[in-house]
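Open the structure in your viewer and keep the selection panel at hand. The stops below are meant to be followed in order.

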Amino acid sequence: EYVWLKDKIISRHDAYVHFDDRGYYFGDGIYEVIRVYDGLPFLFDEHFERFLRSAKELDMPLPYSITTLKENIRHLLQKNDIKNGYVYIQMTRGEQIRDHLYSRDIIPVITAFTKEAEIPVTKQTNGISLLATEDIRWLRCDIKTINLLGNVMAKRRAEDYYCDEALQHRGDIVTEGSSSNIFIVKKGVIYTHPANHYILNGITRQHVFNLAQEEKIPIFEEAFSLEETINADEIFVTSTTLEIMPVINIKGSIETSLQPGTITRKLQQAFKEHTHAG
Ligand code: PLP
C-alpha cells in the first residue's frame, strides 16, 4: 500500500511525520475526504475548491497547484488500485519548534492515503439513529480543519448511547452531525442549516441542492429547531461516505422515531444515478 508524504508517493511502512509538525501540536491543518466510484474521484473539483478555501481562511499557502494535487491523488489511486473507496488528503502548516505564533516561512506538509470502502447500503435502506447532543465546538465550523475534538467527543458519546451519529444543536437550533449535515422534510419541503460559520458546507450537502432542484423538490437553507425535528416528516443526513442516509431514531436531548420517507428515497435514487457506480 502506498501513501503520499510531502513530495513523494512511498510505502506506508516508510511514512513518518516530523516530531515538530504543527498538526501534531495544534491540530494546525486542513483535510478533505473524497469518494471514489469505479476508480474515479467524485465531485473532485468541489472538494478542492473547499480545500483551497480552508487554506485561505487559515492563511496557509498551497505548496502545489490544484492541478498537481489532483494529479498526485489520481496517481495514488492508480498505484493502490482503488475501485470503490475514498481518498483522504491532509495539509498541516508545517514543521516548526512549538510556538502558538506560526511562521509564514515554513512549508506545509501534505499527506494522503486511500482506502477501499463499501457503500453502506444496508444502513441506507434501513436508516440510522442519532444522539442529540449540545454542539460545543468553536465558531469556525465552516473550515475543514483537522482540529476535530468537539466532533470526536460527540461521535464517541453517540456510540456510547448505541447511536450511529450525533445530532449537534446550539441551544434549540440543530447545526449538523459529527461528520455529516442534517436535513428535515416537512410538508414536501426540505430544510437544512444555512452554510455559515456554525457548520461545514458539505460537498454532499451542496450536491443535494442540485439533486432537489432536478427533482423539483423545494429546498431551503433555513435553520430548524429541536421541536421542528421531532415534528419532521422525514430526516436524513449526508456525507461523502454515508451519501444520503435516512434517520429512523433520535435519542438524547430529543426523542423521536420515524420511517425513511419518499423524498429521502427520491434523493437517494437520484444520487445513485449521478455516481459513476450508477
Ligand atoms: N459536517 C462535518 C462536521 C463533517 O466533518 C463532514 C464530513 O466529514 C460533513 C459535514 C459532510 O461533508 P461532505 O459531504 O463534504 O463529506
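The tour goes from the domains to their contact, then to a sheet and a pair of helices.

This is a predicted model: local features need pLDDT of at least 70, side-chain atom pairs count only at pLDDT 80 or more, and totals for chains, interfaces and linings use all residues. Residues are numbered from 1 along each chain as its sequence is written.

**Stop 1: the domains.** Select 2–116 for domain 1 and 121–274 for domain 2; these bounds come from an automatic or database domain assignment. Taken over C-alpha atoms, the centres of domain 1 and domain 2 are 26 Å apart.

**Stop 2: where the domains touch.** Here 18 residues of domain 1 are in contact with 10 residues of domain 2 (contact: C-beta atoms, placed from the backbone, within 7 Å). On the domain 1 side, select strand E3 (29–37), helix H2 (44–57) and strand E5 (85–92), the elements that give two or more residues to it. Helices (H or I, at least four residues) and strands (E, at least two) are DSSP runs, numbered from the N terminus. E3 gives the most to this side, with seven residues. The residues of this side of domain 1 divide into seven nonpolar, six polar and five charged. In that division Ala, Val, Leu, Ile, Met, Phe, Trp, Tyr, Cys and Pro count as nonpolar, Asp, Glu, Lys and Arg as charged, and the others, Gly among them, as polar.

**Stop 3: the sheet.** Next, display the open sheet of six strands, in the order E2-E1-E6-E5-E3-E4, with antiparallel pairing (strands pair if DSSP finds at least two bridges between them). Strand E2 (8–11) and strand E4 (40–41) are at the edges, each with a single partner strand, so one side of each has no neighbour in the sheet. Select strand E1 (residues 2–5) with E2: the two run antiparallel and are joined by four bridges. Trp4 has Ile9 in E2 as its bridge partner.

**Stop 4: the helices.** Return to H2, which lies across E3, E4 and E5 and runs at about 175° to E3. Axes are lines fitted to C-alpha atoms, for helices over the stretch in contact, and angles run from 0 to 180 degrees between N-to-C directions. Which residues of H2 and H3 meet? Show Phe44, Phe48 and Leu52 in H2, which meet Ile66, Leu69 and Lys70 in H3. The residues of this contact divide into five nonpolar, no polar and one charged.

Conventions. Contact = placed C-beta atoms within 7 Å.
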